[in-house]
Amino acid sequence: MGATFVQKVLARAAGREHAEVGEVLDVRPDRILSHDNTAAIIAKWRTLGQSRLPNPERLAITLDHAAPPPTVRHAQNHAVIRAFVAEHGIRHFFEVGRGICHQVLSEEALVLPGDVILGADSHTVHFGWLGAFGAGVGRSEVAALWALGRIWLRVPPTIRFELRGRLAPDVSAKDLALHIIGRFGADGGLYRAVEFGGDGLATLSLDDRMTLANMMAEFGVKNAYLPPDEQVFDWLANRLAQRQGISPAEASERIATRALYPDPHATYEAVHVIHLGDVEPLVACPHTVDNVVPISHVAGRRIHMAFLGTCTNGRLSDLATAARIVRGKRIAPGVRFLVIPASSEVLHAALEAGYIADLVAAGATIGTPGCGPCMGNHLGVLAPGEVCISSANRNFRGRMGTPDAEIYLASPAVVAASALAGVITRPTDQLTAEQ
Amino acid sequence: MIIRGRVWKYGDNVNTDVIFPGKYTYTIQDPAEMARHALEDLDPSFAANVQPGDIVVGGRNWGCGSSREQAVTALKKAGVGAIVAVSFARIYYRNAINNALPAIICPEAAEALQHGETAEIDMTAGRIHCAAGMFSFPPLPEAVLGIFEAGGLLAYVRKQLGEEA
C-alpha cells in the first residue's frame, strides 16, 4: 500500500516508518512560526514555568501584521517581542519592513522540502508550495511547542487535484484557487490534506505555486502540497547556500535529499482532474471566499479602493502584472490604489525593474512590506459603505475594519485593471494588447 | 458535567473575523476585554446578553478563517458553556479543546436546536436534550481527552513538564 505525502512527512517528523490515515502522532516540527502574536504567546509560555527556551533556533518570528505599528499599544507589543528575542538569542527574527512571514521564511530558505512547519497563522499552509508540510495552530499550541518541541497531529485523508494543460494569459493561480474553492465550497477540504499533481503543474510559475498553496487555507485544509521540482530546488539552493555558507551544489543536494513525494499507488479520498484551460477570471464576492462568480457577473461594480498585496498576491510577478497594466495610464478619479509588496526583497526587485515607478506614476500608493490592511489593523482600512477589490485571501464581513464595507477578491490583473477603470474590470484588453 | 443554557443559533461558515475582529488581535490580551467584543460583527446583541452556560450553535465550518485563539477565548470568557455545530474549522476545533471549551460535532442537534430555547448537554453521557428530543454525540478522542480534562493545553503542558523534571 502506498503512502500520500502527508502520511510520509508526518511519519518522519514523528520518528516513525509509516503512518496510517486517522492515526494521532506526536510530531516534532522543524520550524515554529509566529508574528506580531508572539507577545501574546510569550505571556502564555511564561505560565509554563520554563526560564529558557529549549530550542530557540527552531523559532522564526516576523513583525508583519501591524507593521509599522499604528498605535502605542501595537508598538509596545513589538517592544515586548524584541526584548524576548534578545533575551533568548533567537536568530531568525525579522524586523518591521522585512515582509510577510510566509514570504520571508521562503526567501530565507528557513523551510525546506519535506520539512514540517507549524505556525500561529492560518496561512502556514503556504509552505506546501515548496513541498513542505505547513499547518496553522493556535497561540497556546505555539507556547506548548516552544516548551516541549512536539504536538499531536492527526494524519488526514488526502484529496488530489490533477492539473492538465495551461492557464489562459489573463488567468492566474488566484483564479485557479477560486475555481476550486467555488466549486467545492469553503469547507470542501475540511480536515483534509490536498495534493496537486499532473503535467499542468510545471506550467505554473513559482509565484503561482505560492498563491495556490496559500489560498488552500480558504478551502479548510490541514495542509497543501505541490511536489517540488528542479525550479524549486534552484530557487532555494542559492538562498540556503548563502545563509549557511555552503556551495549551491551542496545546498541543492541537501534539499533534494530531504524532499518527499507520494507513492504512485497512494490511497486518495478523491481525485479531481482540472483542465487549466477551462479556468476563467473569477471574483469571490462578499462575504465568503466560496461566493465565486465569473468576472462578467460583477463587472461594472463601482470600487473605492484597489488593494494589491498580502501573502497571497504581493510578489514580484504580481507587481509586474499590475505595472504592465497601468503603465502610462492613470487610475480612475475617486479610487485609491494601494500596493504593498510582500517583502523587502520583492520591493527591491520591483524598484530595480521599474515597476514601482510605473505604479506610482499611475497614481498608486506604495506601503511598507507586510500584511497591510488585510485583517483591518492599519495602513488602508475601509470606511462604511466602501467597496474594495483586493488580491488578498479573505472577504469576510468586517475583515478590513468595518462590517459595512464590501470586499471582492480577485487576481492582481483584475485589481490593477479595476483601479484604472474605477469599476470591476476584466483585464483581457490591457494584457493582450501587450503580448 | 452538565451544561445548561439558552441557545444562540447562527449559520454556516461563521468565521473568526466576525467572532473576534482582526483589528483587535494585537492589542487586546485581557480575556474579559475580548469577551466584550465576542461575535461583534455577527450579532451585536450577543456580548451584552449572553449568560453563563449558554450554548452557541453553528452550521458547517464554524470558526473558519484565521487561527486566532481569541475567537475561542472571547466566547469562553463570555460564559459560553459549549458550541454545537455541524462541523468545525480545524484550527478552531483545536483551539476549543486547548481552552477546554466543549466543541461538539453533532449535525442532527445543530439542525434541531432552536434560537432562544433552553437546552442541556450531558458531557459525561454524550447527550444533548432540547425541545426536539435527545441527541447523542461521540466522546472526545483518547489522544486529546487528557488536554480537555486538565483544563486546557497550558495546564496539560505544565503537568507534563512537571513529570519530566
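This is a predicted model: local features need pLDDT of at least 70, side-chain atom pairs count only at pLDDT 80 or more; totals for chains, interfaces and linings use all residues.
I will begin with chain A. Its secondary structure consists of 15 helices and 18 strands. For 435 residues the globule rule gives a radius of gyration of 22 Å, and chain A comes out close to that, at 21 Å, so chain A is as compact as a globular protein of that length. Along the principal axes, the C-alpha atoms fill a box of roughly 60 × 55 × 45 Å.

Next, the inside of the chain. Buried residues make up 64% of the 435 in chain A. As for contacts, take those in chain A with a separation of 6 or more: 76% of them join residues 24 or more positions apart.

Chain A has an accessible surface of about 14100 Å², and carbon and sulfur atoms account for 51% of that.

Chain A contributes 52 residues to it, and chain B contributes 42. Together the two chains bury about 3900 Å², with 53% of that area coming from carbon and sulfur atoms. Which three residues supply more of the area that chain B buries against chain A than any other three? They are B:Y26, B:R90 and B:R94, and they supply 22% of that area.

That is the end of my part.

How values were computed. Residues are numbered from 1 along each chain as its sequence is written. Chains are lettered from A and ligands numbered from 1 in the order in which they are written. Side-chain values use heavy atoms; hydrogens and water are left out. Helices (H or I, at least four residues) and strands (E, at least two) are DSSP runs, numbered from the N terminus. The radius of gyration is taken over C-alpha atoms; the globule rule is 2.2 Å times the number of residues to the power 0.38. Buried means under 20% relative accessible area, exposed over 50%, partly exposed in between (1.4 Å probe, protein chains only). Contact means heavy atoms within 4.5 Å. Accessible areas come from the Shrake-Rupley method with a 1.4 Å probe; for residues, only the protein chains shown count as cover. Buried area is the accessible area (1.4 Å probe) that two parts lose on being put together, summed over both.
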